[in-house]
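Keep the sequence and the coordinates open while reading.

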Amino acid sequence: MSMSDVLYIVVPCYNEEEVLPETSRRLKEKMEALVAAGTVSEGSRILFVNDGSQDRTWEIISALHAADPVFSGVDLTRNRGHQNALLAGLMTAKDRCDMAISMDADLQDDVDAVDKMIEEYHAGCDIVYGVRSSRKKDTFFKRFTAEGFYRVMNLLGAETVFNHADYRLMSRRALEGLSQFKEANLFLRGMVPMIGYRSGTVEYERGERFAGESKYPLKKMLAFAMEGITSLSVKPLRMITGLGALIFLIAAVMLAYSVYRWAVGDTVLGWASLMCSVWAIGGLILLSLGVIGEYIGKIYLETKGRPRFLIREVLDDEG
């Protein structure tokens with residue numbers, strides 16, 4: 001790995017007109033410092049991916065590119081969601097770079113961690129995960145739900161890197177590996193560890209979002225967790241099987257108990273326990289059908305083989 005490898009910083013953007021001027025300024029400063037130090041090649045680029053924004057995001061990206069070739073852009077035909085937009089950027093960068101770093105447009109991820117990531121890359125790592133060193137700045141509720149998110153994911157078989165979002169470095173070889181994953185239901189935090197290759201981690205302090213609103217409220221986080229679990233693991237289906245076996249066992253015990261009561265001549269059983277059983281089993285059946293339905297929906301989308309993203313335009317002056 002030469003010391004003048006081409007770096008692409010991939011930044012998915014959805015309605016980010018408020019943060020782009022500041023984000024582009026900070027990223028340009030960082031890129032210029034890396035080039036000046038000889039850490040990366042002059043052909044390195046900052047690649048913004050417009051995920052069907054409804055504001056002036058693409059106008060700003062086009063203006064940045066026109067003013068300075070260090071800025072590149074990818075314009076998707078419509079909004080496809082963060083994970084698809086990120087994949088579109090990584091796959092666009094794949095044939096143009098030696099390594100790519102993905103990060104969010106709000107720059108809550110510490111830009112200075114890029115230097116350490118590149119050091120790990122030069123030390124032989126194909127994938128370097130940016131991991132939050134602490135969540136002290138988060139509210140108790142945010143910290144509790146976020147850490148619970150990672151624990152539940154791992155418990156249900158979706159192996160992820162604890163306290164790691166989508167701030168990571170991937171070598172060209174790792175990107176080639178990622179391109180061979182063809183699923184339509186994307187959960188990159190779980191897919192990237194499946195690639196294998198040597199990996200490392202870099203700790204950083206996550207800052208405050210300096211403008212705009214968070215794109216991940218609690219409702220979206222729960223949907224994201226469900227997407228990840230059902231995309232990466234069949235453990236919930238196995239849990240339904242276990243639950244069915246447990247209920248069958250309880251039913252057998254209740255049957256034996258009923259026979260015993262009948263044998264001793266006491267056949268008046270409680271109405272409350274019967275109603276509780278009916279409601280509990282009814283609820284479990286509906287929950288189980290919901291989980292199975294989630295998987296069937298995934299299969300339905302996978303079998304259609306629809307494209308994960310369509311690109312309208314790419315702005316890039318390769319160095």
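The model is predicted. Phenylalanine 48 and phenylalanine 71 are both buried.

**Aromatic pairs**

- The structure contains two aromatic pairs.
- One of them joins phenylalanine 48 and phenylalanine 71, with ring centres 6.0 Å apart.
- The planes of phenylalanine 48 and phenylalanine 71 are 20 degrees apart, and the pair is stacked. The cut-off for stacked is under 30 degrees.
- Phenylalanine 48 sits in strand β2 (residues 45-50) and phenylalanine 71 in strand β3 (residues 71-76), so their pair ties together parts 23 residues apart in sequence.
- What is the geometry of the pair between tyrosine 167 and tyrosine 204? The planes of these rings stand at 85 degrees, so the pair is edge-to-face. The ring centres of tyrosine 167 and tyrosine 204 are 5.2 Å apart.
- Tyrosine 167 belongs to strand β6 (residues 164-171) and tyrosine 204 to strand β7 (residues 199-204). This pair links distant parts of the chain, 37 residues apart.
- Tyrosine 167 and tyrosine 204 are both buried.

- Glutamate 22 and arginine 25 form one of them, with the closest N and O atoms 2.8 Å apart.
- Why are glutamate 22 and arginine 25 separated by about one helical turn? They are three residues apart in helix α1 (residues 20-36).
- Glutamate 22 is partly exposed at 24% relative accessibility. Arginine 25 is also partly exposed, at 41%.

- Lysine 28 forms a salt bridge with aspartate 68, and the closest N and O atoms are 2.9 Å apart.
- This bridge links distant parts of the chain, 40 residues apart. Lysine 28 is in helix α1, and aspartate 68 is in the loop between α2 and β3.
- The side chains of lysine 28 and aspartate 68 are also joined by a polar contact of 2.9 Å.
- Is aspartate 68 buried or exposed? At 17% relative accessibility, aspartate 68 counts as buried. The cut-off for buried is under 20%.
- Aspartate 115 and lysine 30 meet in a salt bridge of 2.6 Å, N to O.
- Aspartate 115 lies in helix α4 (residues 113-122) and lysine 30 in helix α1, 85 residues apart.
- Aspartate 115 is partly exposed, with a relative accessible area of 31%. Lysine 30 is buried, with a relative accessible area of 11%.
- Salt bridges with shared partners join Glu22, Arg25, Arg26 and Glu29 into one network.

- Helix α9 has 29 residues.
- How far does α9 reach from its first C-alpha to its last? The span is 42 Å, close to the 42 Å expected at 1.5 Å a residue.
- The buried residues of α9 are Pro236, Ile240 and Arg261.
- Which residues make the nonpolar surface patch of about 710 Å²? They are Leu246, Leu249, Ile250, Met254, Tyr257, Tyr260 and Val264.
- Tyrosine 257 lies in α9 (residues 235-263). At 37% relative accessibility, tyrosine 257 counts as partly exposed.
- Glycine 265 follows α9 and has a positive phi, near 85 degrees.

- Most residues other than glycine have a negative phi.
- Asparagine 15 has a positive phi, near 50 degrees.
- Asparagine 15 lies in the loop between β1 (7-13) and α1. Asparagine 15 is partly exposed, with a relative accessible area of 27%.
- Tyrosine 197 has a positive phi of about 65 degrees, although it is not a glycine.
- Where is tyrosine 197 placed? Tyrosine 197 is in the loop between α7 (188-195) and β7.
- Tyrosine 197 counts as partly exposed, at 40% relative accessibility.

Note on methods. Residues are numbered from 1 along each chain as its sequence is written. This is a predicted model: local features need pLDDT of at least 70, side-chain atom pairs count only at pLDDT 80 or more; totals for chains, interfaces and linings use all residues. Side-chain values use heavy atoms; hydrogens and water are left out. Rings of Phe, Tyr and Trp (its six-membered ring) pair if their centres lie within 6.5 Å; planes under 30 degrees apart count as stacked, over 60 as edge-to-face and the rest as tilted. Helices (H or I, at least four residues) and strands (E, at least two) are DSSP runs, numbered from the N terminus. Buried means under 20% relative accessible area, exposed over 50%, partly exposed in between (1.4 Å probe, protein chains only). Patches are made of residues with over 30% relative accessible area and no salt bridge: like charges are joined within 9 Å, nonpolar side chains (Val, Leu, Ile, Met, Phe, Trp, Tyr) within 5 Å. Accessible areas come from the Shrake-Rupley method with a 1.4 Å probe; for residues, only the protein chains shown count as cover. A salt bridge is a side-chain nitrogen of Lys or Arg within 4 Å of a carboxyl oxygen of Asp or Glu. A polar contact is a pair of N or O atoms within 3.5 Å; within protein, one must be able to donate a hydrogen and the other to accept it, and residues adjacent in sequence count only if both atoms are side-chain atoms. The expected span of a helix is 1.5 Å times one less than its number of residues.
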